[in-house]
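Here's a quick briefing to read with the model open beside you. Have a look at the fold, then go through the points below.

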Amino acid sequence: MLLVSRQNSDYVENILFLRNLSFFSRKEYFNMKVSQILNNNVAVVKRGNNEVIVYSRGISFKKKVGQTITESEIEKTYVLDSNDMLEHFSYLLSNTDEEEIIMVNDIIEYGENLLNEKASDYLSLTLLDHINFALKRAAKGQFIRSPLTWEVKKFYPKHFKIGIYALNQMNKKYNVEFPEDEAVSIALHFVNLQEGKSNLKETVQVMETLRDIVSIIQYHYGTEIDESSLNYMRLITHLQYFIHRIQNGKTYSDNDKELNSQIRGLYPEAYECIKKIELYVKEQYKCELSIDEETYLMLHIHRVTNRNKREGQ
């Protein structure tokens, strides 16, 4: 057994501390230089072999092209994955009022706290682009109607809350009266964030499929599902992940036939409902439900409809 004296213990701790310090000091820090000033607070900076956009209040008064800038001087960094995007958002930021940028940062922070998830640089800039264009449309009295208001409210209530928060900020700061539809459009940006998607078409497809499957369940049982119930929220969450798996060609693969057979026997009505959902999925996505997907769906459908039956008695 190795005995370490107090003096030796302190020595060992110091050695370990120095090793850790050495490890962290080896971290690669790029020498960043300003390559383009976009406006008073925004610049394009060369970091290593890449260019990034940085937000730093008063940067145009503090720095000139070619001068070095440190991390501590930068409030926000936007890293983009193509030159086209860099050019587009550079132009956007150089022609956007600072109040809009501050407002978007506030909306992003609110959304991050509500969803407990970090927003990407891409979301910050696409949201700024959206709001900038929306305000220009509003100045001309042009407002867009969204066909997805019902779906977003029902399936993404937290995201819709972010949209409403953004709407209130825009209406208050710019003295406009945006319709609720604008909150839906903003909410969709955050739906994409949480689901790791930048493809709005796929997000819309998820919502339409959710709506259709819920309609199939309600039509089959001849009842309205209690949308405030915990079982309903569990069903919706399961369906969201289920649809993503279908979109990505992935399904549960354990295929426990014995468990599936038991659940079919216990909940025959849920199984009859599943048959209709299977036909819908086959037609829309050209794929079959796995045995395990079928089992889990039966369980969720039974729970959400069984509660309705008990409360209706």
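A nonpolar core here means a set of buried Ala, Val, Leu, Ile, Met, Phe, Trp, Tyr and Cys residues joined through side-chain atoms within 4.5 Å. Keep in mind that this is a predicted model. The chain runs to 313 residues, and 43% of them count as buried. It has 13 helices and 4 strands.

**The cores**

- The largest nonpolar core takes in 76 residues, and the ones with the most contacts inside it are Val152, Phe190, Ile217, Phe242, Ile277 and Ile301.
- Helix α9 (residues 200-221) supplies the largest share of that core, with 9 residues.
- There's also a second, separate core of 9 residues, with Val52, Val54, Ile59 and Ile74 among them.
- As a general rule, nonpolar side chains in soluble globular proteins tend to be buried together.
- What does Ile301 touch, leaving aside residues up to four places away in sequence? Its partners are Ile217, Tyr221, Leu235, Ala270, Cys273, Ile274 and Ile277.
- Looking at contacts in the chain with a separation of 6 or more, 69% come from residues 24 or more positions apart.

- Val281 sits in helix α12 (residues 268-285).
- Is Val281 buried or exposed? Its relative accessible area is 1%, so it counts as buried, the cut-off being under 20%.
- Ignoring residues up to four places away in sequence, Val281 touches Phe242, Ile246, Lys286, Cys287 and Leu289.

**Cysteines**

- How many disulfides does the structure hold? The count is 0.
- Cys273, one of the residues touched by Ile301, has 0% relative accessibility and therefore counts as buried.
- Cys287, one of the residues touched by Val281, comes out at 22% relative accessibility, so it counts as partly exposed.

**Helix α4 with α5**

- Helix α4 (residues 98-115) packs on helix α5 (residues 121-139) at an angle of about 125 degrees, and their axes are 10 Å apart.
- That angle is why α4 counts as oblique to α5.
- The contact uses Glu100, Ile101, Met103, Val104, Ile107 and Ile108 from α4, and Leu123, Ser124, Leu127, Leu128, Ile131, Asn132 and Leu135 from α5.
- As for handedness, α4 passes α5 in a right-handed crossing.

**Helix α4 with α7**

- Helix α7 (residues 157-174) also packs against α4, with axes that come within 10 Å and cross at roughly 155 degrees.
- An angle over 145 counts as roughly antiparallel, so that label goes to α4 and α7.
- This crossing of α4 and α7 is right-handed.
- On the α4 side, the meeting residues include Glu99, Met103, Tyr110 and Leu115, while those on the α7 side include Lys158, Ile162, Tyr165 and Tyr174.

**Helix α3 with α5**

- Helix α3 (residues 83-94) and α5 have axes that come within 11 Å and cross at roughly 50 degrees.
- That makes α3 oblique to α5.
- Here α3 passes α5 in a left-handed crossing.
- Met85, His88, Phe89, Leu92 and Leu93 of α3 meet Tyr122, Leu125, Thr126, Leu128, Asp129 and Asn132 of α5.

Note on methods: Residues numbered from 1 in each chain as written. Predicted model: local features only at pLDDT ≥ 70, side-chain atom pairs only at ≥ 80, totals over all residues. Heavy atoms only, no water. Disulfide = S-S within 2.5 Å. Buried < 20%, exposed > 50% of the residue type's maximum accessible area, 1.4 Å probe, protein only. Helix = DSSP H or I, 4+ residues; strand = E, 2+ residues; numbered from the N terminus. Contact = heavy atoms within 4.5 Å. Axes fitted to C-alpha atoms, helices over the stretch in contact; angles between N-to-C directions. Parallel < 35°, antiparallel > 145°, perpendicular 65-115°, else oblique. Left-handed = near helix turned anticlockwise from the far one by under 90°.
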